[in-house]
Amino acid sequence: MIGTLLYLTASRPDLQFAICMCARYQARPTEKHLHVVKRIFRYLRGTVNRGLWYLKDSSIALTAFADADHAGCQDTCRSTSGSMQFLGDRLVSWSSKRQKSAAISSTEAEYIAMSKHIDIRFHFIKEHVENGVIELYFVNTEYQLADILTKALARERIEFLINKLGMRSFTPENLKQLADEVDE
């Protein structure tokens, strides 16, 4: 079941966090884990038509969001890192991973989340920030889209973030409505 669900994370960022959490326990699952997996399948049944919607006239400006929870794993006290990248309004890449070491603070958890990128791309990013090509901004939790990849959220928050990610329901009625919006 987990393998099937992991396959879906390539096209459904709304599933990434929950499925990755379940995958951590697939070697020694308990009854509780089976109930969570069944809950994910019930969610899928209700959202089977959901997917990413890409507008053809969106800009190609690159925007990235990165976040980490602090000690979110109840078993190891490790944090979960999440990141997503957009070209214009189009979500093109996302990731959610448990960090390899425990962090003492939320700041350290976010530093660890970015450290792999800093090691490889530090000088490139530094040069482009200095030249004004790349701009770095703090993003308040209210607008942090990567939250959906790092922690369990209330249903209303998940629905809000799913909409911001560009996900839509592709029922025949909704497809017609989306096509009409594009034509306007």
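I take buried as under 20% relative accessible area, exposed as over 50%, and partly exposed as in between, with a 1.4 Å probe and protein chains only. The model is predicted, and I note that local features need pLDDT of at least 70, that side-chain atom pairs count only at pLDDT 80 or more, and that totals for chains, interfaces and linings use all residues. Residues are numbered from 1 along each chain as its sequence is written, and side-chain values use heavy atoms, with hydrogens and water left out.

**Entry 1: positive patch**

I looked up R42 and found this residue in helix α3; helices are DSSP runs of H or I with at least four residues, strands are runs of E with at least two, and both are numbered from the N terminus. R42 has 47% relative accessibility and therefore counts as partly exposed. With K38, R39, R45 and R155, R42 forms a positive surface patch. Helix α3, residues 31–46, gives the most to this patch, with four residues.

For patches I use residues with over 30% relative accessible area and no salt bridge, joining like charges within 9 Å and nonpolar side chains (Val, Leu, Ile, Met, Phe, Trp, Tyr) within 5 Å. A salt bridge is a side-chain nitrogen of Lys or Arg within 4 Å of a carboxyl oxygen of Asp or Glu. Lys and Arg count as positive, and the charge is placed at NZ of Lys or CZ of Arg.

**Entry 2: nonpolar patch**

I then recorded a nonpolar surface patch of Y54, I60, L62, L87 and V92, which together have about 500 Å² of accessible area. Such areas come from the Shrake-Rupley method with a 1.4 Å probe. L62 lies in strand β2 and, at 62% relative accessibility, counts as exposed.

**Entry 3: aromatic pairs**

How many aromatic pairs does the structure hold? I find two aromatic pairs. Rings of Phe, Tyr and Trp (its six-membered ring) pair if their centres lie within 6.5 Å; planes under 30 degrees apart are stacked, over 60 edge-to-face, and the rest tilted.

W53 sits in the loop between β1 (50–52) and β2 (62–68), and F170 in the loop between β5 (167–169) and α6 (172–183), 117 residues apart. W53, at 24% relative accessibility, counts as partly exposed, as does F170 at 22%.

The rings of F65 and F86 have centres 5.9 Å apart and planes at 80 degrees, so this pair is edge-to-face. F65 belongs to strand β2 and F86 to strand β3 (residues 80–87), 21 residues apart. F65 counts as buried at 14% relative accessibility, and F86 is buried at 4%.
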